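This report describes one protein model for a reader who has not seen it before. The sequence and the structure come first, and the description follows.

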Amino acid sequence: MELLAWAAVILIGILLIRFLWTIIKLAAFAGLVLLVIYFVRSMVETAASFSL
C-alpha cells in the first residue's frame, strides 16, 4: 500500500513538473514574441522619423 502511495506521489510530481515546464516554455516564447514586436515597432518609428 505504501508503495502505491509513493508511486502516486511520484507520478503527480512528474505531471506537475511537465505542466510547469510547458508553462515556462510558453511564457518564454510569449516574452520573445513581445520583445520582437517591440523591437520592430521601435525600428519602424525610428525609420519613420528619419524619412520625414
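Does Leu-4 count as buried or exposed? In this predicted model, Leu-4 counts as exposed, because its relative accessibility is 57% and the cut-off for exposed is over 50%. Leu-4 has its place in helix H1.

**Overall form**

The C-alpha trace spans about 75 × 5 × 5 Å along its principal axes. Helix H1 covers residues 2-51.

Two pairs of residues give distances along the chain. Leu-4 and Leu-32 are 28 residues apart in the chain, and their C-alpha atoms are separated by 42 Å. For Ile-14 and Phe-39, which are 25 residues apart along the chain, the separation between C-alpha atoms is 37 Å.

**Surface**

How many of the 52 residues, as a percentage, count as buried? The share is 0%. The accessible surface of the protein comes to about 5,200 Å². Carbon and sulfur atoms account for 83% of that surface.

Part of the surface forms a nonpolar patch of about 540 Å². The residues that make this patch are Phe-19, Leu-20, Trp-21, Ile-23 and Ile-24. Leu-20, one of these patch residues, lies in helix H1. Ile-14 is also found in helix H1.

| Residue | Relative accessible area | Class |
|---|---|---|
| Leu-4 | 57% | exposed |
| Ile-14 | 46% | partly exposed |
| Leu-20 | 47% | partly exposed |

Why is Leu-20 classed as partly exposed? Its relative accessible area is 47%, and partly exposed is the class between under 20% for buried and over 50% for exposed. Ile-14, with a relative accessible area of 46%, is partly exposed as well.

**Summary**

Key. Residues numbered from 1 in each chain as written. Predicted model: local features only at pLDDT ≥ 70, side-chain atom pairs only at ≥ 80, totals over all residues. Heavy atoms only, no water. Patch = residues over 30% accessible without salt bridge, like charges linked within 9 Å, V, L, I, M, F, W, Y side chains within 5 Å. Areas by Shrake-Rupley, 256 points an atom, 1.4 Å probe, with all protein chains shown as cover. Salt bridge = Lys/Arg side-chain N within 4 Å of Asp/Glu carboxyl O. Helix = DSSP H or I, 4+ residues; strand = E, 2+ residues; numbered from the N terminus. Buried < 20%, exposed > 50% of the residue type's maximum accessible area, 1.4 Å probe, protein only.
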